[in-house]
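Me: I would like to learn how to read a protein model step by step. Could you take me through one, giving the general idea before each case?

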Amino acid sequence: MKIKMTAVVAAIVIGLFSLCACNPDSPPEPRKTEYTLTYTVENGGKIYGASVQTVEEGGDGTLVTASADDGYGFVKWSDGLEVNSRTDTNISESKTYTAIFEKRILTLSYSAANGGRIEGETEQSVAYGGDSATVRAIAEEGYDFKIGLTGIFMRNVPIKA
């Protein structure tokens with residue numbers, strides 16, 4: 001019985017030694033440094049993909065895409081990159097990148113055909129979703145309006161961009 005017990009204890013000690021792979025003469029494996037990549041937006045859009053990523057030193061992040069909301073356009077990332085999709089590689093420090101969007105500006109031009117004129121600002125820059133300044137269509141003597149922008153005549157109505 002004593003022999004069996006010694007064999008079991010020896011097997012347990014050998015098993016524990018092989019599990020921890022301990023070698024008192026060699027230093028432990030150094031852990032790789034981890035960095036954080038953070039992707040944000042100011043306003044006017046959203047991020048698709050993991051907006052916070054933990055990456056080992058020298059490793060690569062995963063694809064993120066900055067997507068504009070209605071009425072906005074993507075301009076660039078805060079580091080100057082001008083494409084909306086990115087995968088950062090060979091990471092050596094934590095970084096935060098912000099997607100920058102701007103409100104779209106539309107140009108409205110008003111003109112009259114023969115027999116009429118426009119009163120008001122005929123060229124207008126209007127933010128998407130904004131209202132134009134009012135313009136007025138004036139018929140010259142002997143002329144009349146038949147149809148307007150939407151199929152009916154409108155007078156003194158601002159246009160929504």
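Reply: Let us begin with a term: two strands pair if DSSP finds at least two bridges between them. Keep in mind throughout that this is a predicted model.

Me: Which residue is the bridge partner of Val41 in strand 7?

Reply: The bridge partner of Val41 in that strand is Ala99. The pairing in question is between strand 1, residues 34-41, and strand 7, residues 95-103, which pair in the parallel sense over five bridges.

Me: In which sense do strand 1 and strand 3 run, and how many bridges join them?

Reply: These two strands run antiparallel, and five bridges join strand 1 to strand 3. As an example of residues facing each other, Leu37 stands opposite Gln53 in strand 3.

Me: What is the order of the strands in the open sheet?

Reply: The four strands of this open sheet have the order 3-1-7-5, and their pairing is mixed. At the edges are strand 3 (52-56) and strand 5 (72-77), each of which pairs on one side only. Neighbouring strands of the sheet are turned against each other by 25° on average, with direction ignored.

Me: Where does Thr134 lie, by comparison?

Reply: Thr134 lies in the loop between strand 10 (123-127) and strand 11 (136-139). With a relative accessibility of 41%, Thr134 counts as partly exposed, a class that lies between under 20% and over 50%.

Me: What is the mean pLDDT of the chain?

Reply: The mean is 81, and 75% of the residues reach 70 or more. Over residues 5-19, however, pLDDT stays under 50, and for this stretch the model has one contact beyond four places in sequence. Where pLDDT is low, the predicted coordinates should not be read in detail.

Note on methods: Residues numbered from 1 in each chain as written. Predicted model: local features only at pLDDT ≥ 70, side-chain atom pairs only at ≥ 80, totals over all residues. Heavy atoms only, no water. Axes fitted to C-alpha atoms, helices over the stretch in contact; angles between N-to-C directions. Buried < 20%, exposed > 50% of the residue type's maximum accessible area, 1.4 Å probe, protein only. pLDDT = per-residue confidence, 0-100. Contact = heavy atoms within 4.5 Å.
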